[in-house]
Amino acid sequence: MKSSPNKGVLLQYWLSGALGGWGGTSDGKHKASTNAGGSVHGNSRPGAAGGGGGKVGLSGGLTQPAGWQSLLSFSILFLACLAGFSSRLFAVIRFESIIHEFDPWFNYRSTHHLTTNGFYEFLNWFDERAWYPLGRIVGGTVYPGLMVTAGLIHYVLNLLHITVHIRDVCVFLAPVFSGLTAISTFLLTRELWNQGAGLLAACFIAIVPGYISRSVAGSFDNEGIAIFALQFTYYLWVKSVKTGSVFWTIGCCLSYFYMVSAWGGYVFIINLIPLHVFVLLLMQRYSRRVYIAYSTFYIVGLVLSMQIPFVGFQPIRTSEHMAAAGVFALLQAYAFLQYLKDRLTRQEFQTLFFLGVSLAAGMVFLTVIYLTYTGLYVRLLTCYAKIHIPIIASVSEHQPTTWVSFFFDLHILVCTFPAGLWFCIKNINDERVFVALYAISAVYFAGVMVRLMLTLTPVVCMLSAVAFSSVFEHYMGDDTKREKPPEKAEEGLGPNIKSIVTMLMLMLLMMFAVHCTWVTSNAYSSPSVVLASYNHDGTRNILDDFREAYYWLRQNTDEHARVMSWWDYGYQIAGMANRTTLVDNNTWNNSHIALVGKAMSSNESAAYQIMRSLDVDYVLIIFGGVIGYSGDDINKFLWMVRIAEGEHPKDIRESDYFTPQGEFRVDKAGSPTLLNCLMYKMSYYRFGEMQVRRGALTPPGFDRTRNAEIGNKDIKFKHLEEAFTSEHWLVRIYKVKKLDNREPLDHKLRSVVPKQKYTSKKVPLMLGGEFALQVWRDSFRFS
Amino acid sequence: GLNPRVCLFLRLCHISQSPAFDAQLVSANGLVNEEVKRTVDLSTHLAKITAEIVLSNQGHSAVQSFILAVEEDLTPHLAYIGASVKGDEEEDGTLELQQTTIPGQSGHFYKVQLPSSLAAGAQLKAKVEMTFSHVLRPFPTHVTQAERQLVVFQGNHYLYSPYPTRSQTTRVRLASKTVESYTKLGNPSKNDEIIEYGPFRDVAPFSEDTMKIHYENNTPFLTISSITRTIEVSHWGNIAVEETIDLRHTGAVLKGPFSRYDYQRQSDSGISSVKSFKTILPASAQDVYYRDEIGNISTSHLQVLDDSVEVEVRPRFPLFGGWKTHYIIGYNLPSYEYLYTLGDQYALKMRLVDHVYDDQVIDFLTVKIILPEGARNIHVDTPYKIDRMPNQLHYTYLDTFGRPVLVATKNNLVEHHIQDVVVHYNFNKILMLQEPLLVVGAFYILFFTVIIYVRLDFAITKDPAAEVRMKVASITEQVLTLVNKRLGLYRHMDEVVNRYKQSRDTGALNSGRKTLEADHRALTNEISSLQARLKAEGSDLADKVSDVQKLDGQVKELVCRSCQEAERLVAGKVKKEAYIESEKTLTGKRQELVSRIDSLLDAL
């Protein structure tokens, strides 16, 4: 198959059955390929095997084993793609073709903007509906790869008069790309080991929950396409290192460019590849191939990555890109020394010189890498602001990974992949160095944060596939064939042991498949926009409160109304309700979020001041007390307090919201500050009268989420009024009343004092508010 | 009334299309309204005014037509007007209406053509039906959630007519017993929801006297502010219908907060709000969907009845006064129920507008009918006048030059407008093949491209090693074929020898031997030339081929020897036993050699 390196396209491998080579599971050819850069699939006699054995012409492709093998691998790969695609459709079948969760709604909205207004409008898009009154330069603050991909697919389909709605393109993009990920994983694993392992890896990645969690239908997020780009970039990189061809390296750069455009996780690539090169240098595996590959990759990749507006000059400025630059310099120096080595005669001096330089460079690199990797895990996800700990910490997916979730997401693979790693290290070559580094760094990151489990998943699949493939090779080998070249090592393996081991492995794989399906079905296939509950008789109730409320906002409020809510719901409000929001899931401005948090945690009149200064028309909160929904705003409330306290320590103190015993309680024992803050009042307004049906024993105002009778049942609003509450009270929207002509005075007027005095007192107050807003706005503009 | 009688409709809100001058008719023809029974139905959000008129001709000549009049104030709201004659045998003779004007008089006038002329002194019974939309004004215009909705109707106590009226009664049907106020002309009697005015005697032509009723009306004041109905016809057996609807509650606007608690606990809270309504779809409707911009509206229910499919359309949120919503409802119909064909001629008979909810009001309707690609000579028969827009083109799956789209719009529609439209067009049935052929063609091109790509080398650089390998492979392939052919020659020779042994025909043997020699030489030469080429390519396979050649030489020798042995046997020079013995050894040797050749070939 190495006959024409310029045609590395899959189809060729699949369809050129008659000419195709094969390093299949039963071939055991990997032992021959430990030489660096050598062919892994050691079949270098195209056609001969078929012609000699079968005595048939070229035309009868399927009568040759190679033809069958090509067809088989094609079918397996196709089925893997199909299985991957269809196992991601649980949510679509159970619910509908809908965008899930939070971030996807923003991506969908941007894609919609892209398709309706064109690419340049999208790049220049200033979204005045987000972060009121600041706005957001969307074109310059997103990774546009996702939107452009979906938009392009939509454009091409419409060009062919396939009238698919952009929403459906967005919903099904991630499952389609999971198919491509399977293919690129196959290619990468085949480069690393052999075709059999590649097929296994493709099957694993197609259904492994760790990846499905981010790529179910409707989860229209960067990760969905980024994992494909990641794997494909790595494949091309391995290919470039193996061949030392500029062609493959340019391919790698383009793929890297796509990855940069798609996900902030591209820094993983730009650190892993230099690390690979560095380790190759350390292992004395320097070769011209490495030099060509890395020099080309670094320069072209750097220039390409800087074309993404959001990335801009970061690759030459920020610390996480410095390792790549350092390795580039080191490689040049090393190559220069190599060159000198050929010319110079004074061997001793030269060696000393080399040692000195490489040590110095190595030290520099290690410091850089230390700096990078300590800061990397946060850099991977925050976008373009300073890192503020409460806001990062308040996101559940930024928590450290537990052992359970390793098993939950990877099942048996997490146990077998060290074996694969060991196999790789035992038969080390250039590209296996790469996969070993990939595995080690990914394990580290996945341990730091749940979310980065995603980068670990592909390498786990690949290495587990290597492990399984090796075991199968060993135990499922064709006896009749092996009889001839007698391998005495296998003498001890009787047919019984062979079949038992094989059965055991198959059982494991079967359990893996069952587990994957179960996890996908139960844990990762909920749109979270639509909730479902099941009755005793199995019938399903759909709780569609989110969309009910959002759609009410969309239809029955002023087009330019500004909605204040906690930042979790910002993207959904923008996407579904099409209204202006103050803060959203792009948590770039901590002080703005803190201000909203402060409004939520202050009492009504203080909150009204803030809301007036922010021009808030409606306040939207999530309240789960009626149906027992635990992800509501009261349960998130402490984070709001903490974030507000971070910016306004004088006004908000977290301790005020706890009882003297240090408990967070909503019942009568709760702290008075809590019981009178805006969030509490909005959540429980008129809830005190309500008898939640749960037996007659519960008192009115019984909060099912927190299992407590609320402490403040007499809630009255002065500046707010209830505008809408959804059917199950899940979403409550309040309208912020405009100022009355004149604020009623708290005390009686003294007749001797002329009225003007009071009005004149009020004017500076109002001005003060306006002024504060102005100062506040400016502070954002210039910060 | 989902299946209203077929009446004739007139375009409203426009000055007449044929401004005939009919003043003469009024003054001269001597028509008199002998007895008028008016019913003003205000129980819904529409005002449905029906009048049963006994018309008598007191002039001197027979008349062909009479005139209906609508008051100036109400004309902008007139959605439907229809007249029928109550004959003795025929219940509903619907009549043709034509708009006209009367100089000096305000209002709209419609000339009703009688089926047969009304002779002097004769009488007839006519029934006039008018439906007005948006004439019930909420008053107060804003109510809170707890309050009830009050509306005001302003109309005429009398029948507005160009003819004098001898006797008239007006009966007003309200939505509820609660009435704030009503005009008391002629001391009307009120009984529950009904107010009866009259009888009024000898009312002059064009009499107007304002009737004003302020009463409670909590029926849903739903208005479809716009609806786009798209009908997509496919000749593959399906008609897809999709309606995009903007719905608004046009009753009294909700003032103050909306409290879900009150709404859930008290049954009369928000009594004028709309929680859900029923839409009736055709009985064969399938795959019904109900959604909006943000997805499925999960709160609906579908019920399949014998003669219809009922959808309980529940908007995402209850509609209070002033609130609006927007949704899309769509379904598929089998085309055999609606599409008629004769040769190349097709006729589509569908409802121009369909039921959305009872007593519906549509402010603005757009109908789009998408015909199959290639439909020609399109001709539309509408039941009433609608505004045709320029045709459009629509591109969808597998279209090349686009499907013709008929677009039409109309304002102010009510249930009476649910009627069939007929679209005639021609369609060449050959065009049905276009779509499958396109698919076949696309796949053909795809596979062909793959074949081309795989079979041809597009590399811009040469990889000598790979090329050599390919060349060697092809040469070995040829060698294999030739060697096999050569082995075949030997088998053929064996047959010849066997035959010779029986027939003892030396001639045949000799000729067989000769052909063997010739063929063998040719093949061996060919193989040697291939071997030379292999050598030239620098392949080590050349040695193996030469081994094969050597072995083959031995095989050949053996074959020749067995041939000679056979000759000697025939000639009686050897005993049969000895021959068999030697033949055995020869065959054994041969087999060994052949298997060695085979193993060499395998290694190639």
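**Reading the features**

Modeller: Tyr397(B), Leu398(B), Leu438(B), Val439(B), Phe443(B), Leu446(B), Phe447(B) and Ile451(B) make a nonpolar surface patch of about 720 Å². This is a predicted model, in which local features need pLDDT of at least 70 and side-chain atom pairs pLDDT 80 or more, while totals for chains, interfaces and linings use all residues. Residues are numbered from 1 along each chain as its sequence is written, chains are lettered from A and ligands numbered from 1 in the order in which they are written, and side-chain values use heavy atoms, leaving out hydrogens and water.

Biologist: In which helix is the place of Ile451(B)?

Modeller: An α-helix has 3.6 residues a turn, so residues three or four places apart point the same way. Here, Ile451(B) lies in helix H3 (residues 434-455) of chain B, helices being DSSP runs of H or I with at least four residues and strands runs of E with at least two, numbered from the N terminus.

Biologist: Which residues of H3(B) are buried?

Modeller: Buried means under 20% relative accessible area, exposed over 50%, and partly exposed in between (1.4 Å probe, protein chains only). Gln434(B), Glu435(B), Val450(B) and Val454(B) are the buried residues of H3(B), whereas Ile451(B), at 47% relative accessibility, counts as partly exposed.

Biologist: How do strands of a sheet pair?

Modeller: They pair through backbone hydrogen bonds, either parallel or antiparallel. In chain B, four strands form an open antiparallel sheet in the order S9-S11-S16-S13. Strands S9 (137-138) and S13 (179-182) of chain B stand at the edges with a single partner strand each, so one side of each lacks a neighbour in the sheet. Pairing requires at least two DSSP bridges; S13(B) and S16(B) (residues 210-216) have three, in the antiparallel sense.

Terms used: Patches are made of residues with over 30% relative accessible area and no salt bridge: like charges are joined within 9 Å, nonpolar side chains (Val, Leu, Ile, Met, Phe, Trp, Tyr) within 5 Å. Accessible areas come from the Shrake-Rupley method with a 1.4 Å probe; for residues, only the protein chains shown count as cover. A salt bridge is a side-chain nitrogen of Lys or Arg within 4 Å of a carboxyl oxygen of Asp or Glu.
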